[in-house]
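Here are a few friendly notes to read alongside the model. Keep the structure open and find each residue as you go.

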Amino acid sequence: MPEARDGPSTLQTFALTAVAMLAFAANSLLCRLALQQGGIDPASFGSIRLVSGAIALVLVVRFRAQPPVARRADWLAAVMLFAYVAFFSFAYLSLPAGTGALILFGAVQLTMLGAGLGAGERFGPVAWFGLVVAAGGLVYLVLPGIAAPPLAGAVLMALAGVAWGVYSLRGRGVPDPLAATARNFTRAVPLALALSLVFAARAHADATGVVLAVASGALTSGLGYVVWYAALARLSAMQAATVQLSVPLLAAFGGVLLLSEAITPRLAVASVAILGGIALVLSRKSQRRPSA
């Protein structure tokens with residue numbers, strides 16, 4: 001089980017993590033629908049996503065009973081949030097969904113595991129085995145769609161993965177996840193608007209694209225990221241990195257439910273591998289190397 005700390009119970013941690021992963025998967029579906037069907041350009045999508053997320057979060061913080069916990073501005077988290085949204089949006093203009101998922105979550109894994117190892121976390125052989133099984137399940141899931149990716153798109157998606165990994169790491173242990181996420185979104189908005197000005201000549205958006213961007217920002221991004229920050233308080237770096245391998249799988253099942261796509265034997269086998277590997281990782285406690 002995740003390492004015991006003061007705060008929510010293990011059951012609450014699992015629940016928060018599951019809700020966050022469902023939000024990420026829903027966000028992936030919304031982004032794919034908006035960007036790959038050409039209903040909106042990437043810069044406009046990112047700006048609307050961050051603006052709507054900031055508005056929703058600020059309103060929730062304003063009208064809740066608990067006052068926000070004072071905290072020094074975390075501009076690095078805000079910049080990483082903006083970078084993730086921007087790079088992710090532009091990368092999917094040229095990358096297939098399967099290839100993009102592998103590059104994105106591969107970069108997230110390397111970033112978060114590297115940070116965990118650098119901070120002194122140790123992971124046992126069972127946890128490493130679970131990570132390999134889950135990663136292998138992801139590769140097997142998206143293998144039919146894997147092709148040699150365009151260099152520009154691959155680089156952008158890798159940068160998006162690094163940015164998201166850093167953003168996730170910045171959220172570990174924040175005392176007020178809701179207020180912290182609201183501040184991150186608010187500080188990222190000017191950066192997104194500046195990017196939109198740079199690409200103003202290519203801007204376009206239909207009603208569907210705008211609605212999808214608002215839903216992505218206010219619901220699956222804004223509120224989903226609050227839940228993720230709350231879950232991160234009790235997850236090790238390896239656990240936080242590994243559970244995110246479930247997002248492409250959940251997005252695939254979302255396609256089954258919402259887009260009438262078929263449940264294939266490949267999806268069933270990949271489900272067992274990914275979820276089984278994640279369970280192995282979550283069942284192991286991380287330990288820290290003793291300081292010299």
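1. Let's start with a term: a salt bridge is a side-chain nitrogen of Lys or Arg within 4 Å of a carboxyl oxygen of Asp or Glu. This is a predicted model, and the structure holds 2 salt bridges.

2. Look at D176 and R64, whose side chains meet in a salt bridge at 2.5 Å, N to O. D176 lies in the loop between α6 (151–170) and α7, and R64 in the loop between α2 and α3 (75–91), so the pair ties together parts that are 112 residues apart in sequence. Is D176 buried or exposed? D176 counts as buried, because its relative accessibility is 5% and buried means under 20%.

3. D74 forms a salt bridge with R170, and their closest N and O atoms are 3.0 Å apart. Because D74 lies in the loop between α2 and α3 and R170 in helix α6, this pair ties together parts that are 96 residues apart in sequence. D74 is buried at 13% relative accessible area, while R170 counts as partly exposed at 36%.

4. Next, turn to the surface. I55, L59 and F63 form a nonpolar patch there, with about 340 Å² of accessible area together. F63 belongs to helix α2 (residues 42–63) and counts as exposed, at 65% relative accessibility.

5. Finally, follow helix α7 (residues 177–198). Its 22 residues reach 32 Å from the first C-alpha to the last, close to the 32 Å expected at 1.5 Å a residue. Where is the kink in α7? A kink of about 30° lies at V189, shortly before the proline P190.

Notes: Residues are numbered from 1 along each chain as its sequence is written. This is a predicted model: local features need pLDDT of at least 70, side-chain atom pairs count only at pLDDT 80 or more; totals for chains, interfaces and linings use all residues. Side-chain values use heavy atoms; hydrogens and water are left out. Patches are made of residues with over 30% relative accessible area and no salt bridge: like charges are joined within 9 Å, nonpolar side chains (Val, Leu, Ile, Met, Phe, Trp, Tyr) within 5 Å. Accessible areas come from the Shrake-Rupley method with a 1.4 Å probe; for residues, only the protein chains shown count as cover. Helices (H or I, at least four residues) and strands (E, at least two) are DSSP runs, numbered from the N terminus. Buried means under 20% relative accessible area, exposed over 50%, partly exposed in between (1.4 Å probe, protein chains only). The expected span of a helix is 1.5 Å times one less than its number of residues. The bend at a residue is the angle between axes fitted to the seven residues ending there and the seven starting there.
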